[in-house]
Structures are given as C-alpha cells and as structure tokens.
Amino acid sequence: MIRIGVVGCAGRMGRIVAGEVLGAADLTLNGGTERAGSDAVGRDLGELLGRGRLGIAVGDDGRQLFAGADVVIDFTAPAAVVEHARLAAESHTAYVVGTTGLKAEQEATLRQAATTAAIVWAPNMSIGVNLLMSLVERVAAVLDPAGYDVEIVEMHHRHKVDAPSGTALGLGRAVAAGRGVALEDVWQKTRDGIIGARRAGDIGFATLRGGDVVGDHSVIFAADGERLELVHKASSRQVFAKGALRAVRWIVGRPPGLYSMHDVLGI
Ligand code: NAD
C-alpha cells in the first residue's frame, strides 16, 4: 500500500483527489491538511469528503503529514507550494504538484527541493492535454513562424485566480520549444489599446473566465489562406485527479529529480 497525504484536502481538486485515493485498492489515505484557520481543520476527513467517518482529523501541520506519507499530492496555491517543497526535501517524501501560477522564484524552490526529493510537477495532469503539448511542439517545428501566427486561447471557471492558465503557458512553451526560441522572448500575454500590428514570431495568449468551465484550450496556427486549430476540452476535474494518481504510482521509488507528466506517461 502506498501511503498518501493530500494538502489542501478541502479545495475543489483536493476533495476529488482524496476521494479517488479512498477508492483505490493500492493506496491508503494517510491524512489531509488545510491552511491554518480553515473551517475544515479538525473535521473528520471522511466526513469532509462525504464518505462517512474515517477517524482521521483534517490537520494544519504539513510537517507531520509529509513525515507519515510515501507521496504527498498538492493542488493548493503557489505560496503553499514553497512551504511544502521544503518539507518534501527535508523528509525525502515524493511530491506530486498540480498547483499553477508559480512565480520564477517559487519555481526555483521546487527545483531546489527536487535535488533531494522526487517531484512531479505538471500544470495539467490530464492525459489529453499532455498529448496535445507534444503534438503542438511537433506542429510548431514544421510550420514557418514567419507565415504562421500562433495564438493560444483558454477558458476557465470564474474562480480561477491565475492568468493565463498554467496549461496555456505550458502550451506556449511547447510552441517555443518546437521553434527553438524562449517563450519569454516572444510571448504577448495581454493586448489593450493601439498597440500596433502583430510581430511575426510572437506567441499570443487570450484568457476567458466564466461559469463552471473546467478547462478549454485551443492552439491556433493562423496563416494566409488557412488555419490549423488544436483543441482540448476538459469536462470533469476527475481527469486531473486520475492523472495525479498515475503520477503517484509512477514516482514511488524514483530517485530525486523534477519530473513532468511527459516522463510519467512516457511521451
Ligand atoms: P481551491 O482554491 O478550490 O483549493 C485550494 C485549497 O488549498 C484550498 O482549500 C486552500 O484552503 C488550500 N490551501 C491553501 N494554502 C494551504 C496550505 N498552506 N496548506 C494546506 N492547504 C492550503 O483551488 P483548486 O481549484 O482546487 O485549484 C488548486 C490549484 O490547482 C490551482 O493552482 C489550480 O490552477 C490547480 N489545478 C491544476 C490542475 C492540474 O491538472 N495540474 C487541475 C486543476 C487545478
């Protein structure tokens, strides 16, 4: 049995992931934490998930959770990832991170932690999106940047706090890799007012927010006379949780390092 800890267990993703762990024969839910002061702290974890009493109280002590788990799953917030990455490094606990919106210095903490702990970090854990990323990279490598303008459009539910989505940025990175450039040199994340004509080679982003949309992403290659669009639509958060559990089973016993879903899926 693989012992699992879920940080942010009362969040939208945390609840689904913890529920999937409870339903898996080879995994055991060892505990869950929430941010200090959350109403969920002290409640029975099973009851929080609507699964009946488990006899495990939701905690707010990350250190204790990491110490008792083989793998900790994190769908929380960037500041919490910094704190959790340090705990993973300290306890040598494998760590699966789906949280997005990390700033460069927060990413650096994760990279540092990966020198002593095995970490999978993926802005999108769904199999479909990870396949889309490799397809996009291949298409971008074939199409001439001077003739094909790339625009990435994403839509998410009204509660999402970061923009563009981590997945949209990941898709941008895939286009940039296919073209042999750095995304930061060519991205156009916002447009407003008289900003002039589009620069050849730029990678544009457009962000839509509303309703309960789980996650839609389109990568558009627009040329004179034709347009190629690659699209992924997630209709349930369950796909991310299933991907996270795939990462959990893959990471057990791996040496320290920062891995992606591409490593997990072998693509
Ligand atoms: P949410 O706000 O519903 O849940 C986050 C939870 O984390 C909250 O309950 C919050 O109280 C808790 N939390 C914050 N700080 C904490 C701490 N220090 N310790 C313990 N718990 C803490 O958000 P969500 O919709 O579940 O999304 C969470 C993150 O996952 C976001 O960054 C989102 O973009 C990302 N996400 C990633 C994927 C993926 O496939 N990688 C899929 C969906 C969402």
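A polar contact is here a pair of N or O atoms within 3.5 Å, where, within protein, one atom must be able to donate a hydrogen and the other to accept it, and where residues adjacent in sequence count only if both atoms are side-chain atoms. The model is predicted, with local features requiring pLDDT of at least 70 and side-chain atom pairs counting only at pLDDT 80 or more, whereas totals for chains, interfaces and linings use all residues. Residues are numbered from 1 along each chain as its sequence is written, and side-chain values use heavy atoms, with hydrogens and water left out.

View 1. H217 lies in β9, which spans residues 215-223 (strands are DSSP runs of E with at least two residues, helices are runs of H or I with at least four, and both are numbered from the N terminus). Because its relative accessibility is 1%, H217 counts as buried (buried means under 20% relative accessible area, exposed over 50%, and partly exposed in between, with a 1.4 Å probe and protein chains only). The side chain of H217 forms a polar contact of 2.9 Å with that of S165. Leaving aside residues up to four places away in sequence, H217 touches V153, E154, H156, S165, T167, A168, L171, L230, V231 and H232 (contact means heavy atoms within 4.5 Å).

**View 2. The buried residues of helix α1.** Within α1, which covers residues 12-22, the buried residues are M13, G14, V17, A18, G19, E20 and V21. These buried residues pack against the strands β1 (2-7), β2 (27-33) and β3 (71-74), and also against helix α9 (238-251).

**View 3. G128 and K233.** G128 belongs to helix α6, residues 127-142, and with a relative accessibility of 31% it counts as partly exposed. Although G128 and K233 are 105 residues apart along the chain, their C-alpha atoms are separated by 8.8 Å.

**View 4. The whole chain as context for the close-ups.** The chain contains ten helices and eleven strands, and its C-alpha atoms fill a box of roughly 65 × 40 × 30 Å along the principal axes. Of its 267 residues, 50% count as buried. Among contacts between residues at least 6 apart in sequence, 69% join residues at least 24 apart.
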